[in-house]
Amino acid sequence: MELSSHFANLTSLEKLVFNDCNIGNKGAAALLESALKASKTFSTFVVSNNRIGDKIIPLLTKLVENQPSLSTLDLSGNNLEIKGIEAVMKLVETNAKYVVL
């Protein structure tokens, strides 16, 4: 069974923290999809050091736009290119409440 299927019915999910898990883009996308389905109390998305690249930026943008209580976002130590970093910076600039570590 895939990990993402375990999160499918967690509507009261508040935090997802996956540090150094080597999940890559596919794993990050599954976690982002789960976070999008979570309640509006979802506050923390931490996926540092996971080989994540720019491909997750569209889903990350959806998460930021659809989860008003998101306050912590940690993408440190991943494989974001300049374009992806710029997209994340723009998200942070337009949504000043976010903390990017």
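Trainee: What should I keep in mind about the model before we start?

Mentor: This is a predicted model, where local features need pLDDT of at least 70 and side-chain atom pairs count only at pLDDT 80 or more, while totals for chains, interfaces and linings use all residues. Residues are numbered from 1 along each chain as its sequence is written, and side-chain values use heavy atoms, leaving out hydrogens and water.

Trainee: How many helices and strands does the protein chain have, and what makes something count as one?

Mentor: There are four helices and four strands. Both are DSSP runs numbered from the N terminus: a helix (H or I) needs at least four residues, and a strand (E) at least two. From the N terminus on, the order of elements is α-β-α-β-α-β-α-β.

Trainee: Thanks! How do you know that the length of helix H4 fits a helix?

Mentor: Compare two values. The expected span is 1.5 Å times one less than the number of residues. For the 13 residues of H4 (residues 82–94) that gives 18 Å, and the end C-alpha atoms are 18 Å apart, so the two agree.

Trainee: Which residues of H4 are buried, and what does buried mean?

Mentor: Buried means under 20% relative accessible area, exposed means over 50%, and partly exposed lies in between (1.4 Å probe, protein chains only). In H4 the buried residues are Gly84, Val88 and Leu91. They cover an arc of only 55 degrees around the axis, which puts them on the same side of H4. That arc is taken from the directions from the helix axis to the C-beta atoms.

Trainee: What is on the face of H4 turned away from its buried side, and what do the buried residues pack against?

Mentor: The face turned away carries the exposed residues Ile82, Lys83, Glu86, Lys90, Glu93 and Thr94. The buried residues of H4 pack against helix H3 (57–66).

Trainee: How do you know which side of H3 is the buried one?

Mentor: Its buried residues are Ile57, Leu59, Leu60, Leu63 and Val64. They cover an arc of only 160 degrees around the axis, which puts them on the same side of H3. On the other side, Pro58 and Glu65 are exposed. The buried residues of H3 pack against H2, E2, strand E3 (72–74) and H4.

Trainee: What makes a group of residues a nonpolar core?

Mentor: A nonpolar core is a set of buried Ala, Val, Leu, Ile, Met, Phe, Trp, Tyr and Cys residues joined through side-chain atoms within 4.5 Å. The largest one has 26 residues, and Leu16, Phe42, Phe45, Val47, Leu60 and Leu63 touch the most other members. The elements that give two or more residues to this core are H2, H3 and H4.

Trainee: Which residues is leucine 60 in contact with?

Mentor: Contact means heavy atoms within 4.5 Å. Leaving aside neighbours within four places in sequence, leucine 60 is in contact with Leu32, Leu73, Leu75, Val88 and Leu91. Two of the names there, Val88 and Leu91, are also buried residues of H4.

Trainee: Why is serine 48 called buried, while asparagine 19 is called partly exposed?

Mentor: Serine 48 has a relative accessible area of 7%, which is under the limit, so serine 48 is buried. Serine 48 is in the loop between E2 and H3, and asparagine 19 is in the loop between strand E1 (15–17) and H2.

Trainee: What makes the link between their side chains a polar contact?

Mentor: A polar contact is a pair of N or O atoms within 3.5 Å; within protein, one must be able to donate a hydrogen and the other to accept it, and residues adjacent in sequence count only if both atoms are side-chain atoms. The side chains of asparagine 19 and serine 48 make one at 2.6 Å.
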